[in-house]
Amino acid sequence: MDRKLSVGHIAKIATFLPKWKFVGRGLGLSEVQLDDLEGRYHDHEEKRGELLSKWVSTKGPEATYMKLIDVLEELEEADAVQKVRQLLDSSPGVRGGDVRGDVLNNHCQRPVVPSHNPTESLSLDSQPTLALLEDKVVAEIPNKYEAVGIQLGLKYAEIQALRPACPGLEPCRQAYRAIFDLWQKNGSPPYTWRTVINVLNKVGEKSLSSAVASWIELRK
């Protein structure tokens with residue numbers, strides 16, 4: 001039960017989460033963060049979604065289903081507790097950080113991407129090309145574009161706007177491309193391979209993170 005909240009469940013929980021400010025305080029968000037959400041977003045569902053996204057991105061492995069349930073129980077929100085438990089029970093295969101596991105895992109499989117130049121010199125502070133990002137990230141974790149987007153600092157609403165129906169491979173790749181484009185334009189976190197490696201660690205892809213780091217080390 002005590003697993004990290006799946007980014008793919010944020011949209012569902014945002015539709016029924018009660019007393020979002022009280023929940024936010026219970027989850028450890030500051031009054032400054034809550035006031036920022038209050039002033040920035042007018043739609044209540046969007047506020048709730050951004051609240052959960054910020055919690056997951058800042059608390060990492062501490063942002064668990066059990067923690068959310070504990071807070072809701074303290075607020076005596078039995079209906080919400082039941083819905084979170086039902087959501088978790090109905091998706092027993094979803095790991096923390098997985099994105100829309102019940103949909104994307106069925107449709108977004110390993111895409112074919114352009115090969116990289118094996119002689120290219122790289123470092124952790126080099127800027128990644130789209131082709132290499134598709135080769136090293138998209139090809140390995142096509143179903144985690146939302147989790148990656150959250151860790152790259154994108155807002156919940158931005159990612160929701162990019163969410164494809166995903167009937168095949170190309171929509172998943174397009175979502176990643178849009179996320180990488182927004183990341184590069186925002187300039188924060190730094191558009192470097194070092195950030196890519198850090199993000200892979202945060203979304204639970206430690207083996208892939210190590211593999212990318214080793215690949216870069218060979219190309220210095």
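**Rings first**

Tutor: A search of the whole structure finds five aromatic pairs. Rings of Phe, Tyr and Trp (its six-membered ring) pair if their centres lie within 6.5 Å; planes under 30 degrees apart count as stacked, over 60 as edge-to-face and the rest as tilted. One of the pairs is Trp193 with Trp215, which is edge-to-face, at 5.5 Å centre to centre and 70° between the planes.

Student: Which helices do Trp193 and Trp215 lie in?

Tutor: Trp193 lies in helix 12 and Trp215 in helix 13 (residues 206–217), so the pair ties together parts that are 22 residues apart in sequence. Helices (H or I, at least four residues) and strands (E, at least two) are DSSP runs, numbered from the N terminus.

Student: Before we go on, what kind of model is it, and what counts?

Tutor: It is a predicted model: local features need pLDDT of at least 70, side-chain atom pairs count only at pLDDT 80 or more, and totals for chains, interfaces and linings use all residues. Residues are numbered from 1 along each chain as its sequence is written, and side-chain values use heavy atoms, with hydrogens and water left out.

Student: Are Trp193 and Trp215 buried or exposed?

Tutor: Both Trp193 and Trp215 are buried. Buried means under 20% relative accessible area, exposed over 50%, partly exposed in between (1.4 Å probe, protein chains only).

Student: Which rings are linked into a cluster?

Tutor: Tyr145, Tyr176, Phe180, Trp183 and Tyr191, through ring pairs. Phe180 also has contacts with Leu130, Leu133, Val137, Val138, Val148, Leu152 and Tyr191, leaving aside neighbours within four places in sequence. Contact means heavy atoms within 4.5 Å.

Student: And the largest nonpolar core? Which residues touch the most other members?

Tutor: Trp55, Leu68, Phe180 and Trp193, out of 60 residues in that core. Such a core is a set of buried Ala, Val, Leu, Ile, Met, Phe, Trp, Tyr and Cys residues joined through side-chain atoms within 4.5 Å. In soluble globular proteins, nonpolar side chains tend to be buried together.

Student: Change of topic. What does helix 4 pack against?

Tutor: Its buried residues pack against helix 1 (10–14), helix 2 (20–26), helix 3 (31–40), helix 5 (65–74), helix 9 (145–151) and helix 10 (156–162). Among those buried residues are Arg48, Glu50, Leu52 and Trp55.

Student: How far does helix 4 reach?

Tutor: Helix 4 (residues 44–59) has 16 residues and reaches 22 Å from its first C-alpha to its last, close to the 22 Å expected at 1.5 Å a residue. The expected span is 1.5 Å times one less than the number of residues.

Student: What happens at its two ends?

Tutor: At the start, a side-chain oxygen of Asp43 comes within 3.1 Å of the backbone nitrogen of Glu45. Just after helix 4, Gly60 has a positive phi of about 60°.

Student: Why does Ser53 count as buried?

Tutor: Ser53 counts as buried because its relative accessibility is 4%. Ser53 is in helix 4. Not counting residues up to four places away in sequence, Ser53 touches Ile10, Ile150 and Tyr156.

Notes
A polar contact is a pair of N or O atoms within 3.5 Å; within protein, one must be able to donate a hydrogen and the other to accept it, and residues adjacent in sequence count only if both atoms are side-chain atoms.
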